Amino acid sequence: MTEALVELHRLTVSFDNRPVVDHVDLRVQRGDIITIIGPNGAGKTTLIKAVLGIQSVSGGSLTMAPGLTIGYVPQHLTLETTLPLSVKRFMLLSGRSPRECQEALAKTGVEHLINASVHRLSGGEKQRLLLARALARKPDLLVLDEPAQGVDINGQAALYDLIRSLRDELNCGVIMISHDLHLVMAATDKVICLNQHVCCSGYPADISHDPAFIETFGRPVAESLAVYHHHHNHSHDLHGDVVSGEHDDAHGECTHAHH
Amino acid sequence: MPIIDAVLGDFFWRALIGGLGVALVAGPLGCFVVWRRMAYFGDTLAHSALLGIALSFLISVPLNVGVIVTCVVLAIALVLFSRSKTLATDTLLGILAHSALAIGLVTLSFMPDIRVDLTGLLFGDLLAMSRNDLLWIYGGALLILALLATLWRGLLMSTIHEELARVEGVPVERLRLVLMLMFSIVIAVAMKIVGVLLITALLIIPAATARRLAGNPEHMVGLAILFGFIAVSGGLTLSWHLDTPAGPSVVVTAFSVFLLVYGSARQVQA
């Protein structure tokens with residue numbers, strides 16, 4: 001399946017004639033994990049909102065595969081506490097069957113919280129709930145806006161591992177925004193460094209040597225990333241304990257490097 | 001039927017039946033006001049009802065129609081203004097609420113030939129409920145309940161998380177307009193019972209009371225309707241026996257129930 005799920009061609013979004021996203025080309029296929037990085041105000045969120053169809057586009061073209069289902073994991077789940085809502089009800093509001101909802105919760109490891117109130121979840125649990133809700137829709141394309149925000153460092157690694165294994169299972173495309181450069185470099189297929197325009201893109205190993213990347217993030221950051229670039233052969237659960245890798249097969253060629 | 005005629009012939013029963021009809025829709029809409037933090041917004045719309053009344057007299061259209069149209073126009077203007085973000089929303093609401101009320105009062109004072117019971121309009125009047133009003137109330141209630149039932153999932157989803165709802169194909173903007181229309185209808189029909197200045201209280205207090213005991217959104221709506229019923233029947237009875245103004249009596253009853261529930265019941269963890 002080489003057909004693109006989403007293809008952006010010279011996509012531009014302007015606010016008051018000031019381009020926030022400037023002539024961006026991007027192509028996402030099934031199985032891709034594309035991570036967008038970049039400084040604050042680089043237009044990362046605006047770009048994915050354009051992909052999601054909730055931000056109007058000023059120029060260029062955006063082509064979606066027909067019948068594409070998008071699963072969206074927003075940056076925060078800020079819920080009004082005046083609205084009583086259980087995890088189960090929140091899932092069912094996706095319009096999917098109870099069985100599909102339960103399966104999705106099981107996949108992201110929060111099935112036990114099904115009867116809990118959404119107002120009493122921790123940051124990590126909320127992110128997993130949002131991910132489950134996106135999964136319940138059986139998406140062709142998964143779009144995540146800083147999925148690891150509010151999650152501690154070990155939980156973050158677990159979350160990125162989960163996203164990768166879900167990609168394998170659903171054979172969907174993934175676009176995500178991330179701030180955690182170190183994790184991104186270790187966990188993603190392709191990185192796009194955005195600063196209004198695409199300043200560089202490519203595989204994590206290459207991009208940290210790219211002059212444009214070094215210019216955007218500074219030499220110390222770029223150098224530290226070059227050192228950090230490795231794959232894990234184990235993963236951590238939410239509590240930070242090492243979980244003997246259920247993903248070892250997928251990354252069998254990688255060995256654990258010392259930090 | 002003679003029994004129905006006897007009941008509708010009595011102004012107290014008319015007021016009570018009308019009030020219960022208002023509480024029936026004030027419950028669910030009040031929940032949306034609380035969930036979407038629209039209390040001040042509701043207040044602004046209610047204040048503009050007086051402007052609607054003045055305009056209705058000016059161009060001789062039925063009061064209810066004038067109020068609904070004015071509220072809808074103001075609601076749309078508010079949505080458009082708040083998008084420009086030059087003024088904070090609460091500032092904008094404060095300006096429009098009081099300006100609409102003031103313009104309404106000034107306009108009414110220019111029409112000395114028209115006898116308007118201002119106190120009744122502002123604070124509600126037990127004696128003012130006509131059979132025609134009952135038709136308006138129950139017609140409006142039926143329309144609102146039908147809209148709510150049809151659009152429930154979309155309304156709830158866009159209240160919980162607007163962007164997520166949009167991505168899932170919920171027509172968020174259109175639903176917002178429908179919600180405004182429903183508020184406008186409720187304000188027009190509730191005006192007679194509780195008065196322009198206290199409509200928001202009838203929306204918010206029963207819903208807030210219900211939050212304490214509710215485990216899911218629909219449960220909260222049901223309880224809000226129940227507390228609205230208690231407020232209306234208690235308040236109107238009070239007004240009847242003690243000759244107090246109708247609107248404030250209803251609000252005082254609603255507030256007493258609120259204190260009682262928050263004082264005695266444990267918060268439901270949901």
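Me: Before we start, what makes the model predicted, and how are residues and chains labelled?
Reply: This is a predicted model, in which local features need pLDDT of at least 70, side-chain atom pairs count only at pLDDT 80 or more, and totals for chains, interfaces and linings use all residues. Residues are numbered from 1 along each chain as its sequence is written, while chains are lettered from A and ligands numbered from 1 in the order in which they are written.

Me: How do you know what confidence chain A has?
Reply: We use pLDDT, the predictor's confidence in each residue, from 0 to 100. Its mean over chain A is 80, and 82% of the residues reach 70 or more.

Me: Why is strand E3 of chain A called largely enclosed?
Reply: A residue is buried if 20 or more other C-beta atoms lie within 10 Å of its own, exposed if 12 or fewer, and partly exposed in between, with C-beta atoms placed from the backbone. Four of the five residues of E3(A) (residues 33–37) are buried, so the rest of the structure largely encloses this strand. Over chain A, buried residues make up 42% of the 259 residues.

Me: How do you know which strands E3(A) pairs with?
Reply: Two strands pair if DSSP finds at least two bridges between them. Four bridges join E3(A) to E7(A), and the two run parallel; A:Ile36 stands opposite A:Ile177 there. E3(A) also pairs in the parallel sense with strand E8 (residues 190–195) of chain A, over four bridges, with A:Cys193 as the bridge partner of A:Ile37.

Me: Why is B:Ser60 called exposed?
Reply: B:Ser60 has 7 C-beta neighbours inside 10 Å, so this residue counts as exposed. B:Ser60 lies in the loop between helix H3 (39–59) and helix H4 (63–84) of chain B, and has a positive phi of about 45° although it is not a glycine.

Me: What makes B:Asp243 exposed?
Reply: B:Asp243 counts as exposed because it has 9 C-beta neighbours inside 10 Å. Its place is in the loop between H11 and helix H12 (246–264) of chain B, and its phi is positive, about 55°, although it is not a glycine.

Me: How do you know which residues take part where chains A and B meet?
Reply: Two residues are in contact if their C-beta atoms, placed from the backbone, lie within 7 Å. The contact takes 20 residues from chain B and 16 residues from chain A. On the side of chain B that touches chain A, H7(B) gives the most, with five residues.
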